[in-house]
Amino acid sequence: MNQVAPARRLATFRLLTGGFALVYLVGRIPYFLDLTRLHASRWVPPLALRPLGDPPAQGVAVVILGLAIVTGIAYTAGWRFRWTGPAFAVGLLAVMSYRNAWGHLFHTDNLVVLHVFIVGLAPSAAAWSLDARDKTEPSDDVRFGFPLRLAAVVTVLTYVVTGIAKVRYAGGDWLSGDTLLHQIAFDNARKKVLGDDYSPLAAAFAGHPWLFRPMGALTLVVELGAPVALLGRRWAAWWSGAAWAFHVGIVALMWIAFPYPLSLIAFAPFFRIERLGERVLGWSGVRKLATP
Amino acid sequence: MTLLTGRSWLRPRSPTLGHRQAARSGSRCREGPLTAAFARRSASYAAGVVTNRGRWVVTVVVGLVVIAPALLADPGDDFPISTYPMFTAERDRVVDIDTAVLVDADGRRRLSPEIVGGTEEIVSAAVTVSRAIADGDVSLARLCAEIAGRVDGPGSVEIVTERHDAVALLQDGVPPVAVTVHERCEAP
């Protein structure tokens, strides 16, 4: 927990999480507007929205989405971050909770919401931000390393919980491959019945049930073995690669995308990600834009 | 509002501490006069001494919150703290799939997730139909009317459960082995 890090590393994570969340929110505006038109009888709010009782009025939901996007821009740019960081974290939680309040809990957005909370409550705008203009960049410090370490721990734990759920609810059937095979067959069949795109590989793989036994075992190894990523960068690199490949496999076989890990941003807290930003800033055109 | 730094909510215990302690803190300083650097290191270290415990407390609390669903006896799924139960439901090769179809002069047509559930999310559409079936007649009639309002053409909307051999459906497009109609209503 005493990991010292440069301010730039945390700033890079701010830019990555903010950029990801903004693209997500803006790109799905039509979808969020569709949600505001759903019948109130479908409202099953998650924890953060439970005190509301009924769904908020359509106008209120649209305003909150707009505020989340505006604070998201400020969060990403690092403008008045002391206020806009926490505000965006709350706004993103509100919008994503709203998305999860219509009878089905998606599990694709949890980690980005948790990471934005960590970044939003940390001194993440001490470098590469509007707040940091004309200021000397602070020296490496544990206050920049700790939030990243915490984000890494949260990433690891979400995978561990996922692995425990498989052992708990599916047990030996998961290791036998049957649960995985039937889940993939069911999920793709449902997509086909409901007139949606489905995995072209699923039908081919379903004819070879033996393939699902090693897939089931490997899935558990990746999920329950996630804590190894905290042992060091080399371990983190191997584990992140395995977890990313696992998500690619889910896309290939189930046509289900977990955009946050697929973007690799979920695994960014393990690495010296400031080098990415330094490389980008090394391009002369970008340097001119970034220099006050 | 900056909570994870520790400095804004925990004060340094002592303003001056020795070099060895400063070095142990891991704080580094690359520039500035020696005294300023020393003061900065000392303050940083002092803050570190106090907040080290705080950081561990934050980590343990956050970690427990995230992992709690896996440790509790009968946890419910929620957001953003979740049991992550995806892909763990017990399924067989033969499965029941709830959906809605349009029956018109051309026959039986499948409807898109947008028409069935009101959004592009296919899982949401499927869950909406399943919940209406579970909730009974009033919910079924309401959902049927909603879907009928989104259909672009005359015909009958049917809310159905189709029983499929999932693998056969995927491999050869085999039709359902059974269809149960729960609700029927006319599209305008």
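Predicted model: local features only at pLDDT ≥ 70, side-chain atom pairs only at ≥ 80, totals over all residues.
Local features here need pLDDT of at least 70, side-chain atom pairs count only at pLDDT 80 or more, and totals for chains, interfaces and linings use all residues. Residues are numbered from 1 along each chain as its sequence is written, and chains are lettered from A in the order in which they are written.

Me: Why is Asp134(A) called exposed?
Reply: A residue is exposed if 12 or fewer other C-beta atoms, placed from the backbone, lie within 10 Å of its own, buried if 20 or more do, and partly exposed in between. Asp134(A) has 5 such neighbours, so it counts as exposed. Asp134(A) lies in the loop between α5 (110–120) and α6 (142–170) of chain A, helices being DSSP runs of H or I with at least four residues and strands runs of E with at least two.

Me: Why is Trp255(A) called partly exposed?
Reply: Trp255(A) has 19 other C-beta atoms within 10 Å and is therefore partly exposed. Its phi is positive, about 60°, although it is not a glycine.

Me: What makes the bond between Phe79(B) and Pro80(B) a cis peptide bond?
Reply: Its omega is about 0°. Pro80(B) sits in the loop between α2 (34–71) and β1 (94–104) of chain B.

Me: How many residues does each chain bring to the contact?
Reply: Chain B brings 68 and chain A 69, where contact means C-beta atoms, placed from the backbone, within 7 Å. On the side of chain B that touches chain A, α2(B) gives the most, with 13 residues.

Conventions. Contact = placed C-beta atoms within 7 Å.
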